[in-house]
Amino acid sequence: MQEQAFLEYVQAGGQVETGDEMPGDYRAKLIKFIEMHGNSELMGVLPEREWILRAPTLQRKLALTAKVQDEVGHAQLIYRVVEDLGKPRERCLDDLISGRSKFHNVFHYPTRTWGDVGVIAWLVDAAAIISQKALLKCSYAPYARIMKKICWEESFHILHGRDVVLAMMTGLAEQRELVQEAIHRWWSPLMQFHGNPIPAEDDPMYRWRIKSQGNEEARQQFLDGYVPQILELGLEIPDPALGKDEETGVWHYTEPDWDELRHVVTGHGPRSVERLELRRVAREETAWVRDVMLAQAA
Amino acid sequence: MVWEVFRQERKGQAFQHAGSFEAPDQTFAETYAREFYGRRQESIALWIVPREHIETIGDFVDELGRNYHRVDGYSLKTKLKEAREQVAQRSG
C-alpha cells in the first residue's frame, strides 16, 4: 500500500494487524513508541521496589508487591508486541541498558519517603493511564488490545495510591507533611510527563494515529481530573500560576522545564545511572535461570 | 515458539483474542498464560494455541456479486415508492 493511502486509512480510524503491509516509517515509529512504553513499565517498578521491604504494614507490602508484579507483566506483554514488529526482546533490553533507548522521565527520580510511594501510585499512574486510555484507539490493533488489560490493572493501582495518600492525610501532621513534600518533588516531573505542547498534527505519533490525542490534551485532562482531588485534601500545588479559565475550561500553568525533561530522559536524571545499573546486574545474575529453564524445555 | 491467547471474561461470553506470549513448551505456556492473563481473576477460561497452528483465511472474493444472500442486496426504497405511486394512481 502506498504511504499516502495508508496514512488516510489510519487517519480515518482504520486499524492494522501484525501481518499486514505497512510503511517502513510507520513500523519504525511503532517500535520506537511501544518499546519506550515497555522500557517504562520495566524501569517503573524500580522506584517502588525500593519500598517493598520498608512498607508500613503487611497489607501495603502485599499490595505494592502485586503492583510491581503487574507492571513487569505489562512490560512482558508490550515487548511481545515489539517482537512481532521485528525487534527481539533481547535487543530491547540491550538498548535499554546501554542507554540507546529511553524510558519515561518520572522513573529517573528518587523515591525518598513513603509519601513518594503514595504520590507515584496515585498521580504518576493517573498521568500514565490518561496516555494509555488514548492508546485503546491505537491504529495498531495488537497494541490496542493489550492496552485493555493494562488499563484495567492501572485503574486499581491508582486506587491503591489514593488509599495510601488518604491514610497519611488522615494521620499525623508528620504524615501529612510527607505527602506535601512528595507533591512538591513530583509536580514538575508530572507536568513534564505528557511532553511538550506541540500541536497534535505536527506529532508524527499522532499523524500515524499511534496516539489518539496530543500532548497538551493529555495534560489538560490530567489537570482537570486530579488538581481538584489534590486540593480537596488540603494539599498545596507548587505552582502559583496554576488555575483554570472558567470560560474556556483551559488550565494555565507555569511553563514546565522542557530542558530538564530532555536532560532527564537522555539518561541524566538523578537516578538514571543507578537504576540502569540495577537492571543490568539483575539481568546478568538471573541469566543462569533462563539458561537452565530453556535448556530443560528444549 | 509464539502462542496466541484467547480469553473468556464471563460465562457465556465469546472467547476474544487477548494477546500473545513466547514459551518454549506446553508447560511454560500454561504457566505464562495463567500469569499474564488470569492471575487477577480477569478471565474464567483461556484458550492458548501455538501461532503456527492458526490458519488465517482472509481473502473472501465475491466474484459473482452474490449480494442476494445479504440484506444489502435488497434496496427496496425506490421500488416501494413506485409500488405505492401505482396503488395511488389505480385508486385515484
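Two strands pair if DSSP finds at least two bridges between them. Strands (E, at least two residues) and helices (H or I, at least four) are DSSP runs numbered from the N terminus. The model used here is predicted: local features need pLDDT of at least 70, side-chain atom pairs count only at pLDDT 80 or more, and totals for chains, interfaces and linings use all residues. Residues are numbered from 1 along each chain as its sequence is written, and chains are lettered from A and ligands numbered from 1 in the order in which they are written.

**Exercise 1.** Work out the strand order of the open sheet in chain B.

*Solution.* Start with the pair β1 (residues 2–8) and β2 of chain B, which are antiparallel over six bridges. Within this pair, B:V2 lies opposite B:E22 of β2(B). Finally, neighbouring strands are turned by 25 degrees against each other on average, direction ignored (axes are lines fitted to C-alpha atoms).

**Exercise 2.** Describe the side of chain B that touches chain A.

*Solution.* Count first: the contact takes twelve residues from chain B and twelve from chain A (two residues are in contact if their C-beta atoms, placed from the backbone, lie within 7 Å). Next, find the elements of chain B that give two or more residues: β2 (16–22) and α1 (26–37). The largest share, six residues, comes from β2(B). Then sort chain B's side by type: five nonpolar, three polar and four charged (Ala, Val, Leu, Ile, Met, Phe, Trp, Tyr, Cys and Pro are nonpolar, Asp, Glu, Lys and Arg charged, the others, Gly among them, polar).

**Exercise 3.** Compare the radius of gyration of chain A with that of a compact globule.

*Solution.* Take the rule, 2.2 Å times the number of residues to the power 0.38, with the radius computed over C-alpha atoms. For 298 residues a compact globule would have a radius near 19 Å, and the 20 Å of chain A agrees. For the make-up of the chain, note twelve helices and two strands.

**Exercise 4.** Is A:F222 buried or exposed?

*Solution.* Locate A:F222 in helix α9 (residues 215–231) of chain A. Apply the cut-offs: buried means 20 or more other C-beta atoms, placed from the backbone, within 10 Å of a residue's own, exposed 12 or fewer, partly exposed in between. A:F222 has 22 such neighbours, so it counts as buried. Leaving out residues up to four places away in sequence, A:F222 touches A:A126, A:A127, A:I130 and A:H194.

Methods:
Axes are lines fitted to C-alpha atoms, for helices over the stretch in contact, and angles run from 0 to 180 degrees between N-to-C directions.
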